[in-house]
Protein chains: 2
Amino acid sequence: MARLSDIHDFDVALPGGGSVRARLAGRAEGPLVVVVGGISADRAPASGAARRGWWDWAVGPGAPVDAARFAVLAIDWLPEAGAGIDRPVTTQDQARAIAAALDALDRPIADAFVGASYGGCVGLAFAELFPERIGRLVAISAPHRAHPIATAWRGVQRRILELGLETGRTDEALSLARQLAMTTYRTTEELGLRFGGAPAPAAIGAPHPVCDWLIARGEAHASGADARRQIALSDSLDRHAVDPQRVTCPLTVVGFTDDRLVPIDDLRDLARRAANLCRFVEAPSVFGHDAFLKEREVVGRTLRSALSPLPACPEFAA
Amino acid sequence: MARLSDIHDFDVALPGGGSVRARLAGRAEGPLVVVVGGISADRAPASGAARRGWWDWAVGPGAPVDAARFAVLAIDWLPEAGAGIDRPVTTQDQARAIAAALDALDRPIADAFVGASYGGCVGLAFAELFPERIGRLVAISAPHRAHPIATAWRGVQRRILELGLETGRTDEALSLARQLAMTTYRTTEELGLRFGGAPAPAAIGAPHPVCDWLIARGEAHASGADARRQIALSDSLDRHAVDPQRVTCPLTVVGFTDDRLVPIDDLRDLARRAANLCRFVEAPSVFGHDAFLKEREVVGRTLRSALSPLPACPEFAA
């Protein structure tokens, strides 16, 4: 995917104290699209010169979120890494931070807001808090509130991280929490397809391939991660609550039927109750909650369609 | 449920060293039924004078496994609690221990074998190892081999327990591992019904009801539990492998469609490939993998039906 050449990073002081680090990329004078993702995502959905973006196929020049046409705004989630975390953060806090970034750019309105997973929850919170500042919202695999099974799994992850912090084994706890998270991001079907063919390791002590994969993913994630920040973001998902009827901007809801963390019934409920539903896209995926990262066809098509009515230049903006 | 009055506990020395603690209950001269359950179960499925059994509604005088008609044999799973665990245990090891208990009773044949979860896996291993020593097998929520998603979840539990052992925080690790296990035993639907109605706890620091429930269940399980023994039993499930075609005794397979640990497709595969399938019972349950403990109607009916052809007295045994 084409890389961005036009990247503008900036810090925005927040009214409540602290600051948020933001990035404006793409065509600065084009319609503005906010793009935010899961709790592990950052201000770089598109690839820059130095690093691959977390959603590089979806955001960039010529991509479904076309950086040759749009100004793309993204932020690093609160709380700031390494900062003293004196209280958990809410999806409303993140929405206010994005509003502050828009203020700093002197762009009062997000012409479109594209959020996946946690980013979609923040989009719903933004739409509820600032109905006059959002043109349209695409919320992918993002409910108006957390399902108890998701809270159950995330709660165990938080308590693993707390045990790691208390015992000085933070890296192992970060890895273990990530391993558990991976089991909730993916589906039974995918793991069956990947690991079900091999014979059971009968020999005592022989490794289980699925465990080796999880451990590798866990360790890759753990290096350099901030356990307290992860606890805060995880908790934020479980306190998330938006009233669908107060989401009044044009809304596209995208859901995947085998998502263990966000049961499709909850997205059907969101779509049914939203004040101004444009489109509800429901698709199967073996990738479950990670489908927004993997299902390029359906996600890409939906993004292009949702953004296509956006004027190419600001003089045509509504 | 009526209590047992006739209980005979005994220890059986095993050929490979060590011993297994077993219980014969019910009508000693009746047809013999082996009854074994999950990795947390023990030799007491039926209630005795001192303690409630883990399957008290299913096993006892007048119950579906009728202790007024049958001799009920059960064991404490290997490895013995507190014993030095020098190597993991297999479902075949458990099957051999049951065979040794039968030898000790001078009852060469289990007229029926009823196993749920791990106990059903042991039943399949017993049927494969000792086809001439089993009259019929009822295997509930028990596959011929573990699905990778189940191995993934159990592997994380084992690594939590190992971290607890290494840091001297074993009780907390036992609780955390149990909390994770509970999320896999139950369904999204059940947790939604139990905990989905309450508003999201917006107040920072306010507890999540589903987490409080998990923590209470985890702590109740942790007290007195043996982490090393749990690791061995958990690992045993992930090394379990039986060839369905070598299970030649009459077989009843019972499965629940929303069981996250034992996907129903795996039980359909077992039923399709078994050499001598009597009956395949597939039912829905909000209790998922725990359905064998909760679904009294379908499980009780299936047990009565599977055991009804058993002669009431040994003189009529085949």
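Where does A:Pro79 lie in chain A? In this predicted model, the loop between strand S6 (71-75) and helix H1 (91-105) of chain A holds A:Pro79. The views below start there.

**View 1. A cis peptide bond in chain A, at A:Leu78 and A:Pro79.** Most peptide bonds are trans. The bond that joins A:Leu78 to A:Pro79 is cis. Its omega is about -10 degrees.

**View 2. A cis peptide bond in chain B, at B:Leu78 and B:Pro79.** B:Leu78 and B:Pro79 are joined by a cis peptide bond. Omega is about -10 degrees for this bond. B:Pro79 sits in the loop between strand S6 (71-75) and helix H1 (91-105) of chain B.

**View 3. Positive phi at B:Asp106.** Most residues other than glycine have a negative phi. B:Asp106 is not a glycine, yet its phi is positive, about 60 degrees. The loop between H1 and strand S7 (112-116) of chain B carries B:Asp106. Is B:Asp106 buried or exposed? B:Asp106 counts as exposed because its relative accessibility is 67%, and the cut-off for exposed is over 50%.

**View 4. Positive phi at B:Ser141.** B:Ser141, a residue other than glycine, has a positive phi near 50 degrees. B:Ser141 is found in the loop between strand S8 (137-140) and helix H3 (148-167) of chain B. B:Ser141 counts as buried, because its relative accessibility is 1% and buried means under 20%.

**View 5. The contact between chain A and chain B.** Here 49 residues of chain A contact 50 residues of chain B. The two chains bury about 4100 Å² between them. Carbon and sulfur atoms account for 67% of that area. Eight residue pairs are in polar contact across the interface of chain A and chain B, both residues at pLDDT 80 or more. At least two residues come from each of these helices of chain A: H3 (148-167), H4 (170-185), H5 (188-195), H6 (209-222) and H7 (227-239). H3(A) gives the most to the side of chain A that touches chain B, with 13 residues. That side of chain A has 26 nonpolar, 13 polar and 10 charged residues.

**View 6. A salt bridge between A:Arg169 and B:Glu166.** How many salt bridges are there between chain A and chain B? The count is two. One of them pairs the side chains of A:Arg169 and B:Glu166. The N to O distance is 2.4 Å.

Notes. Residues numbered from 1 in each chain as written. Chains lettered and ligands numbered in written order. Predicted model: local features only at pLDDT ≥ 70, side-chain atom pairs only at ≥ 80, totals over all residues. Heavy atoms only, no water. Contact = heavy atoms within 4.5 Å. Buried area = accessible area lost by both parts, 1.4 Å probe. Salt bridge = Lys/Arg side-chain N within 4 Å of Asp/Glu carboxyl O. Polar contact = N/O pair within 3.5 Å; in protein donor to acceptor, adjacent residues only side chain to side chain. Helix = DSSP H or I, 4+ residues; strand = E, 2+ residues; numbered from the N terminus. Nonpolar A, V, L, I, M, F, W, Y, C, P; charged D, E, K, R; others polar. Buried < 20%, exposed > 50% of the residue type's maximum accessible area, 1.4 Å probe, protein only.
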